[in-house]
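Reader: I have a structure open and would like to go through it with you. Could we start with one residue and then turn to the overall fold?
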Amino acid sequence: MEAPAAPQGPAEPLPTVEITVTSPDQMRELGRKLAKLLRAGDLVMLTGELGAGKTTLTRGLGEGLGVRGAVTSPTFVIARVHPSLGDGPPLVHVDAYRLSGGLDEMEDLDLDVSLPESVIVVEWGEGKVEELTDDRLQILIHRAVGDTTDEVRHVTLTGIGARWSAADLSVLAV
């Protein structure tokens with residue numbers, strides 16, 4: 001007869017921060033601040049409606065990481081690699097919007113090979129790249145939809161895994 005399982009306590013809360021951004025410049029600045037927390041091996045998943053600011057945030061990340069090349073949407077090429085201009089990690093920027101499969105379809109991109117030495121940012125990666133690593137930063141960008149010129153975005157950053165368990169994401173809200 002097996003011993004009963006030990007009772008499980010409440011799960012540790014995931015490090016989360018919510019930030020309100022009111023302009024594209026602020027979204028870029030958030031990316032520059034976030035870059036200071038990132039290191040080689042980090043996976044960042046971006047989720048949000050079309051036009052929410054995923055690429056604008058990634059542009060700020062590229063500036064903060066000091067990488068070469070203009071960070072633009074990789075929708076039609078699927079992935080772009082931006083080498084570091086210094087001693088930091090390269091930025092691999094992936095747009096998984098047009099990819100319908102999971103990690104199998106993304107294998108051709110060799111993200112698992114690039115991950116240890118790069119910062120990988122995947123737009124539209126939910127349900128497609130989680131298997132790459134147990135540690136990731138999920139960023140949800142919400143904006144009003146419909147006929148609006150509202151620039152306000154609500155950004156929720158959630159750290160998942162040991163890498164992010166002690167991360168102080170609150171420094172991004174300052």
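Reader: Leaving aside neighbours within four places in sequence, what is alanine 173 in contact with?
Author: This is a predicted model. In it, alanine 173 contacts Val17 and Ile19, once neighbours within four places in sequence are set aside.

Reader: And where does alanine 173 lie?
Author: Alanine 173 is in the segment after α5 (162-165).

Reader: Buried, partly exposed or exposed?
Author: Alanine 173 counts as partly exposed, because its relative accessibility is 46%, between the limits of 20% and 50%.

Reader: How far is its C-alpha atom from that of lysine 33?
Author: The separation is 9.5 Å, although alanine 173 and lysine 33 are 140 residues apart along the chain.

Reader: Turning to the sheet, what is the strand order?
Author: The seven strands run in the order β1-β7-β6-β2-β5-β4-β3, forming an open sheet with mixed pairing. β1 (16-21) and β3 (79-82) each have a single partner strand and stand at the edges, so one side of each lacks a neighbour in the sheet. From one strand to the next, the twist averages 15°.

Reader: How does β3 pair with β4?
Author: β3 and β4 (residues 91-95) are antiparallel, with four bridges between them. Histidine 82 stands opposite leucine 91 of β4.

Reader: Which strands does helix α1 touch?
Author: Helix α1 (residues 24-35) packs on the sheet and touches β1, β6 (136-143) and β7 (153-160). Its direction makes about 150° with that of β1.

Reader: And what does α2 lie across?
Author: Helix α2 (residues 54-65) lies across β2 (43-48), β4, β5 (119-123) and β6, and runs at about 170° to β5.

Methods
Residues numbered from 1 in each chain as written. Predicted model: local features only at pLDDT ≥ 70, side-chain atom pairs only at ≥ 80, totals over all residues. Heavy atoms only, no water. Helix = DSSP H or I, 4+ residues; strand = E, 2+ residues; numbered from the N terminus. Buried < 20%, exposed > 50% of the residue type's maximum accessible area, 1.4 Å probe, protein only. Contact = heavy atoms within 4.5 Å. Pairing = 2+ DSSP bridges. Axes fitted to C-alpha atoms, helices over the stretch in contact; angles between N-to-C directions.
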